[in-house]
Amino acid sequence: MQVSDVNGDVSIHAPSGGRPLYRVMDFPVDRPTISVKRARDQPARLLQPRYAIVDFTGRRGELAELGAWRDSEDPVSTLLIHGAGGQGKTRLANRFAELSREAGWRVFLGRHGSAPSVGGSQGNDKAIDHHPEDGIGTLMVVDYAERWPTSDLLEMLTDATRQGRKARVLLLARPSGIWWQTLASDLDRLEIETYDLRLGALADEIDMSLENLFTTAQDCFARALGTSHIHSPNVQSWALRGPSFQQALAIQMAALVSVDSVRRMPGSGEISQDLGSPGQISAYLLSRERAYWEKLHDNHRVGITADAMGQATYLATLTGEQSYEDGLELLARVAVATSEPADRILKDHATAYPLWDKEPGEAYLEPLHPDLLAEDFLALAVPGHGVTSHVPDPWSTGAPRRLLTNTPSGPSKWTRPALAGLTAAAERWPHLISQQLAPLLTEHPELAVQAGGAVLATVAGLSELAPELLEKIESHLPSGQHVELAPGIAAVAYRLAHHRLAGAEDPRVRATIHSGLAQRLHYAGLREQALQAAEEAIPLWRQLAASDPVAHAADLATALSDLSLHLAALGRDDDALAASLEAVALHRERAEGDSGSGLSSLGISLNGLSLHLSSVGRIQEAVTASEEAVAIDRRLKGEGSRNSSERLASSLTNLGNHLGAVGLRGEAVEMLQEAVVIERHLCESDFSAYAPELAAVLNNLGTQLSEVGRWEDGLAATQEATDLCRHIAEANPAAHEPTLAMVLGNLGNRLAAVGRWDDALASTLEAADLYRALCESNSVAYEPDLARTLSNLGNRLAQAGRYEESAAITREAVEIRRRLTQVNPAVHEIDLAASLGNLSLRLSELGEQQAALKAVQEATKIYRKLASENPVAHNPRFAQSLSILGNQMAKLGRRDEALTFFQEAVSLCRRLARDDPSVFEAKLAMALWALAQGQTEGGAEEDLLIALDAVTEALSLFQRLDAGSPSPYGISRLGALGTLSLVLRGLGRSEEADQIARYVLGPKEE
């Protein structure tokens, strides 16, 4: 998606074609005006940022920081302005938007797609043309960022990277807690720079004083209200008393009330002491709103009473503006105290509160503004607030329950906005917790989950909410990982863990709490915190196991297995293996003679051990561990053991990968295909929980299918894995983006194998970008993946003819892998050899033949050693390296040496093809072709006859390979035909040579 030339709203739709994820509109340029009459009827309107009644003042430091952020060299970056409600975030953003437009930037406003559409834009799901000349860059302003679903917010921010010019996204939010920490971590992995700016009190600035702010606001409001206001020392001393009036909006509200009250009571110069708190200030302004409702009713401009208008306004403030149809449904669910029909209520409310940015009839139920007043209205409508000047409406207490519960068609569409508004108000009005939130969530704790991860995290952060209620909510959380809810679940787990630890003395209870918290943090992608929690659990489990091995040795073993996963996620492979080995030993001791849980735990720990063994290069031991795990899981599945299908799919996947690593690729495919069948079945019951596993198995299957020559099948599996990973990573990049990067790299290989070079390059570039970002936060864990991806990227760039870039990228891969090999040769030596072989090809393309020879000689030396130790696993790559070495020798005129290597490669490939023709006939064909080319250069009849036999056999193999399924060997076959033409010509068979040459070159165009 690219954005520019916006005219009205533009809807950005989800890939499935459903509701818009978000809408983009030009940031408003013209400031609306408000008449004196309307201001006197509804003075609270003067507080709305869009009118900018009070002159913008101060914030020079913040504006300078924002300007520096905007003008930095970052291609894309995000900045969060956060602070308490009423601190002036929106006014600051508006001012910055004005300055940015003046500086030549295109400025847009982003709104979430759940808001009603404007002017028929709902059907517009097309990308918008981008014209680089339209400004220096784009600035998108997004308010209420913390209320967006994480996946939608990430999609919008990802779109910013596609603009082709500088893009800045300015987020406004109150909190900067776990939702921002998780989002910032996700964006770092996307290589989107993140910054945050905490907005303090305006009065804290050195050259500001409360008195000046207050009197300036009074003057501005007096002009808007058409009155000459005389400053009153009594009013000023009252309004500036206490910490509650430090916020910019609180000061302005007090100034507005002082002007309006004196205007209505000329000559008094006094204000009642009942207006000594922000709540009482809001109560005064809300009483002025009610007076306006009564005036409208008395003048017969509306048919509903003030009570009914107040209830409609409550619903509007709770849910936000609505379409006509949704408004009717809303009012049907929560009956308003009037005999008037719902249609009349909507239209009467629109008379009092027309939507300023909509045409009449486009949307209804405009909420109160600004937010601080809106939240106070929600609070003051409910009994228990303690503000004697405002009479609550008991109808409001049960309105959220009537709105959000007993919905026959599933969760209410208003759950997210309603709970977001209530929780925001409850932070300052604790009676809302006791009167509304606690009863509602006690009866329906699932609502906190239905509201989404962001609201769930906010609910967890309400300190007045009893932990016992959070435990009720916890019972509705998914037990495994959940892509969208993971950050919110982590917040609930963190709050409950600290609560439970404070009252827990039993070591077993404390250990269980730490272990559970580690798992939830891990699912949210908070890996360092997860490891810390897991490490705190281990000493407690050791203590318990030492005192009572029968009861707790299994618990210690499980905790060690979990610890190994957390260590591995941070790249600490040796530590992970040590923990896993200890876990297996403990589980094995317990499983002896046990066909139940002990055996199941042993299978799980063996499956994990196989991964850790593979990570440190002990592949054959990994196969052995995996085979034992599969045998255990098959037995348990046959006995109907709980969760046995899930465990068997996992162990089959790992065994398939390990078999492929030792060269048993046919068996690997069988294991992985069986795992895919199981995972698909599991996804049917719980997609969110099992989609990551299905994606991983499909990715591995795609690799192994390609290894056995099933190119199109391999591509299909990898493409499906990529699509799944994109969906999963959008909701929780911190947890799933590493997998997405891996799958994208493999997709590049699969696409290249079927000749889709441009798509292959694009996929591999994206994978490399993701891994570079991941390495910035954890190079130990992700450098091996980056090196592998760079090595593949070098190949893709060469295929695109970008030889200089290709060589540079491949050199970088070699440098990384050489460094890794020095630390752990058993793991990384084979990868170094692969990159050296690629580097040889890249250098040869640049004409650096001696350097190319040196690189392939080093690669071949490594492969020869590895093949002597494990021929099955390493002979295929050894043979390929011998062919590359032979080619390089030939280019340097060292023909005899070249032929020696060609012949060795053919001999090796012939043995491999005899044992597994479906996999290795292609490699034999390539080796024979290389031998034929080398023999042709000799020119002697003896050489040419050897070449003829070799190229003829190669062509026979290529023809059979092309006939079997679509493959990349069509081009190779044409090349071999060209070699055959040269051989025949050298043997004096010119007519046959010309005929083949004409076939290869194709008909000439006229």
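**Reading strands, rings and a buried loop residue**

Guide: Strands β5 and β6 (residues 166–173) pair in the parallel sense, over six bridges. Keep in mind that this is a predicted model.

Visitor: Which residue of β6 stands opposite M140?

Guide: V169 is the residue of β6 opposite M140.

Visitor: In what sense do β4 and β5 pair, parallel or antiparallel?

Guide: Strand β4 (residues 106–112) pairs with β5 in the parallel sense, over five bridges. Here V107 is the residue opposite L139 of β5.

Visitor: How do I read the side chains along a strand such as β5?

Guide: The general idea is that side chains in a regular strand alternate between the two faces of the sheet. In β5, G137, L139 and V141 point one way, while T138, M140 and V142 point the other way.

Visitor: How many of the residues of β5 are buried?

Guide: Strand β5 covers residues 137–142 and is mostly covered, with six of its six residues buried.

Visitor: Now the aromatic rings. How many aromatic pairs are there?

Guide: A pair of aromatic rings is described by the distance of the centres and the angle of the planes. The count here is five aromatic pairs, with centres within 6.5 Å as the cut-off.

Visitor: Why is the pair of W69 and F96 called tilted?

Guide: The ring centres of W69 and F96 are 6.2 Å apart and their planes stand at 40°, so the pair is tilted. Planes under 30 degrees apart would count as stacked and over 60 as edge-to-face.

Visitor: Where in the chain do W69 and F96 lie?

Guide: W69 is in helix α2 (residues 60–70) and F96 in helix α3 (residues 89–102). They are 27 residues apart, and the pair links distant parts of the chain. Both W69 and F96 are buried.

Visitor: Which residues do ring pairs link into a cluster?

Guide: The cluster consists of Y314, F377 and W395. A separate ring, that of W414, has K413 over its face, at 5.3 Å from the ring centre.

Visitor: Last, a loop residue. Is E484 buried or exposed?

Guide: E484 lies in the loop between α20 (467–474) and α21 (486–502). Its relative accessible area is 16%, so E484 is buried.

Visitor: Which residues is E484 in contact with, neighbours within four places in sequence aside?

Guide: With those neighbours left out, E484 is in contact with P149, T150, S151, G453 and A731. E484 and S151 are 333 residues apart in sequence, yet 7.2 Å apart in space, C-alpha to C-alpha.

Note on methods
Residues numbered from 1 in each chain as written. Predicted model: local features only at pLDDT ≥ 70, side-chain atom pairs only at ≥ 80, totals over all residues. Heavy atoms only, no water. Buried < 20%, exposed > 50% of the residue type's maximum accessible area, 1.4 Å probe, protein only. Helix = DSSP H or I, 4+ residues; strand = E, 2+ residues; numbered from the N terminus. Pairing = 2+ DSSP bridges. Phe/Tyr/Trp six-rings, centres within 6.5 Å; stacked < 30°, edge-to-face > 60°. Lys NZ or Arg CZ within 6 Å of the ring centre and 35° of its normal. Contact = heavy atoms within 4.5 Å.
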